[in-house]
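These are my notebook entries on a structure with two chains, set down in the order in which I looked things up. I begin with a single residue and end with the contact between the chains.

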Amino acid sequence: MPNLSRETYLNIFISLGLLVFPFIATAMDEPFYITLATRVAILSLAAVGLNLALGTGGLVSFGHAAFFGIGGYAMGILASHAQTYTPIFTWPFVIEGTNQMLIIWLVAIVMSGIAALFIGLLSLRTSGVYFIMITLAFAQMIYYFMISWPTYGGEDGLSIYVRNQFPGVNTLDPSSFFYICLVLMFAGLGLSAMIKNSRFGAALQAARQNEERLAATGIRPFNIKLTAFVISGMITGLAGALMADLNRFISPSMLSWHMSGEIMVLVILGGVGRLYGPVVGALIYIIFEFIFGGLTDYWQFYLGLILLGVVLFARGGAIGLLAGKARHD
Amino acid sequence: MSTTLLFEQLLNGLQYGVTLFLMAAGLTLVFGVMGLINLAHGSLYMIGAFACAAVAAATGSFWLGLVASIVAAGFAGVLIEMLVIRRLYDRDHLDQVLATFALILILSEGCRMVFGSFPLYLDTPDFLSGPVTLFGGFQYSAYRLAIILVGGLVALGLYLLITKTRLGIRIRAGEADREMIAALGVNIATLYTIVFAIGAALAGFAGAMMGAIQSVQVGMGEPVLILAFVVIVIGGIGSIKGALIGSILVGVVDTLGRVTLPGFFNLFMDTAAANSVGAALSSMSIYVLMAIILIFKPEGLVSNNA
């Protein structure tokens, strides 16, 4: 038996639990639970993106809803044009819509990456509170833009009637779509573990801990942080495209600052900087929403109380409570 | 576009800017003195508006409502500072953001539990409900004009408070070096509570005044809060003067952008397209303004670190 930490056992347990979950839900005759689990996987992926910037890089971005929403709108715009057989634009060259998930994901990743590059270029010139407020303000800018731009539904949002297609998989089957999302979630987790253990990840953590020292070793903190911010935005953007596909609906609320706050809450509930922190956070959030949302309309009131308690008294998040302090080995 | 319309919109922008200033002043004061970023500031704006609407509905007097808004928001500010905010001063900004985000959830949902989801309505007082005639026969809403005047007075009062009174000296000393003024025998905990309560009362007052123009509903403080953030980023965090300049700038640019941009695009587009492009771009105008200012002055227009 290798000497694994409690956190590793917890991670393995959660991974296996998610992998077999559709069978449990089918056995319980509760197919709706699979949709809930799909939301867990997608929100986890969104939070994995933020965790890279926030946990590893110490960049407190309060505007990740921008990337989540851009991913969502990438799906919405492409699929709505495919649905009406109209090209997106015809000049200077023709671009048609599509309902192929692989293309949509690529577009979502590229578009949110470009947005993250622009927002990062401007907001990383500052730090601390300025950075928090500026990321928030830019996300809000995109939010208001989508509300007042009528072409893709404006404030009302946009419905897509059929889920997009993935070669060889029936995406309308809840379990199949769940496994697509789960695989992408594991890919996101793998990527973020890889980044954290790479030379780049070491530089990123150094940028969080002491920028001057990093600069003294001849590495520019700005470039490191910008790269991390862009990768982080891309991962969250992909999650946005998946969420849009799950709901078959997009609206500016995906871009709202409540969404940014929610993604951040997932990271904190689970435990900042932990590999599985976002997954645990999303699990807790969805279970909490499911149970308390059924009991009272005001479930967010209790969510607020719990969040306040976690921030004031339990700073390691749920993984901190379950598995103790982070081990540095 | 006629000059009258432009002038009217300029005044609207000024009125909006003055309201933003009441929000931004509290935020920037709290950040400057305590180093705290407070997302729940918009909730205090909401509390002020609800207190005003509830008291005005019960007593029939807008003025009592206005007093109630200041008292309720100030009292809520003291309570929140003593229960929660106090524990956050020596935490990092991430903890502050999360805890105050949690406060937003608690206060918004709490407000929904008490008042329900439907908006309340608040009427302007009778003698301010009509238009006034300014020079040259130009007509403008008396209530909005009153907001501009009151906001100007509050800005002046705040300036006098900070520069001329003993409390103001302590606040400025607290901004400069908190250990030192604690060592000189100033009760720093009480000072912080007072500063937070002043900011809260200003936000509540702004909420009550705007409540009579817009509807009073849960979440009404959030758009204003985010604009107030833009204002203090533009003005320079911690600077009241910067907050004033930033507020007016944001108020005027936002209002004028909404009026002029559709007309501008109409010069070379058809009306429908010009309206939609104009509306979309004008909603982004203040963020573009913020981005431009950040490129040239990352510390804001009035840097406090000089």
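**Entry 1: Loop residues with positive phi**

I first located A:Asp29, which lies in the loop between helix H1 (6–27) and H2 of chain A. The model I am reading is predicted. I looked up the backbone angle there and found that phi of A:Asp29 is near 60°, a positive value in a residue that is not glycine. I noted this angle because most residues other than glycine have a negative phi. Is A:Asp29 buried or exposed? I counted 7 other C-beta atoms within 10 Å of A:Asp29, and a residue with 12 or fewer is exposed, so A:Asp29 is exposed.

I then turned to A:Arg248, which is not a glycine and yet has a positive phi of about 50°. A:Arg248 sits in the loop of chain A between helix H9 (221–247) and strand S2 (249–250). Here I found 16 other C-beta atoms within 10 Å, and A:Arg248 is therefore partly exposed.

**Entry 2: Around helix H8 of chain A**

My next residue was A:Arg220, placed in the loop between helix H8 (211–216) and H9 of chain A. A:Arg220 has 13 C-beta neighbours inside 10 Å, so I recorded it as partly exposed.

Within helix H8 of chain A I selected A:Leu214. Why does A:Leu214 count as buried? It has 21 other C-beta atoms within 10 Å, and the cut-off for a buried residue is 20 or more. Leaving aside residues up to four places away in sequence, I listed the residues that A:Leu214 touches as A:Ala203, A:Ala206, A:Ala207, A:Ile219 and A:Pro221.

I looked up how helix H2 (residues 32–56) of chain A packs with H10(A), and found an angle of about 75° with the axes 9 Å apart. How do I describe the directions of H2(A) and H10(A) relative to each other? Angles from 65 to 115 degrees count as roughly perpendicular, and H2(A) and H10(A) are therefore roughly perpendicular to each other.

I wrote down the residues that meet. From H2(A) they are A:Leu43, A:Ala46, A:Ala47, A:Leu50, A:Asn51, A:Leu54 and A:Gly55. From H10(A) they are A:Ile263, A:Met264, A:Leu266 and A:Val267. Sorted by class, the contact of H2(A) with H10(A) holds 9 nonpolar and 2 polar residues, with no charged residues.

**Entry 3: Chain A as a whole**

I recorded 13 helices and 2 strands for chain A. Its radius of gyration is 20 Å, close to the 20 Å that the globule rule gives for 329 residues, so chain A is as compact as a globular protein of that length. Along the principal axes, the C-alpha atoms of chain A fill a box of roughly 55 × 50 × 40 Å. I noted that 50% of the 329 residues of chain A count as buried. Of the contacts in chain A between residues at least 6 apart in sequence, 75% join residues at least 24 apart.

**Entry 4: Chain B**

How many helices and strands does chain B have? I recorded 12 helices and 2 strands. From the N terminus on, the elements of chain B run α-α-α-α-β-β-α-α-α-α-α-α-α-α. The C-alpha trace of chain B spans about 65 × 50 × 40 Å along its principal axes. For 306 residues a compact globule would have a radius of gyration near 19 Å, and the 20 Å of chain B agrees with this. Buried residues make up 50% of chain B.

I then examined helix H8 (residues 188–211) of chain B, which has 24 residues. From its first C-alpha to its last, H8(B) reaches 34 Å, close to the 34 Å expected at 1.5 Å a residue. H8(B) is mostly covered, since 19 of its 24 residues are buried.

**Entry 5: Where the chains touch**

Last, I looked up the contact between the chains, which takes 35 residues from chain A and 34 residues from chain B. On the side of chain A that touches chain B, helix H5 (128–148), helix H10 (257–270) and helix H12 (299–313) each supply at least two residues. H5(A) gives the most to this side, with 14 residues. The residues on this side of chain A divide into 27 nonpolar, 7 polar and 1 charged.

Terms used. Residues are numbered from 1 along each chain as its sequence is written. Chains are lettered from A and ligands numbered from 1 in the order in which they are written. This is a predicted model: local features need pLDDT of at least 70, side-chain atom pairs count only at pLDDT 80 or more; totals for chains, interfaces and linings use all residues. Two residues are in contact if their C-beta atoms, placed from the backbone, lie within 7 Å. Helices (H or I, at least four residues) and strands (E, at least two) are DSSP runs, numbered from the N terminus. Ala, Val, Leu, Ile, Met, Phe, Trp, Tyr, Cys and Pro count as nonpolar, Asp, Glu, Lys and Arg as charged, and the others, Gly among them, as polar. The expected span of a helix is 1.5 Å times one less than its number of residues. The radius of gyration is taken over C-alpha atoms; the globule rule is 2.2 Å times the number of residues to the power 0.38. Axes are lines fitted to C-alpha atoms, for helices over the stretch in contact, and angles run from 0 to 180 degrees between N-to-C directions. Angles under 35 degrees count as roughly parallel, over 145 as roughly antiparallel, 65 to 115 as roughly perpendicular and the rest as oblique.
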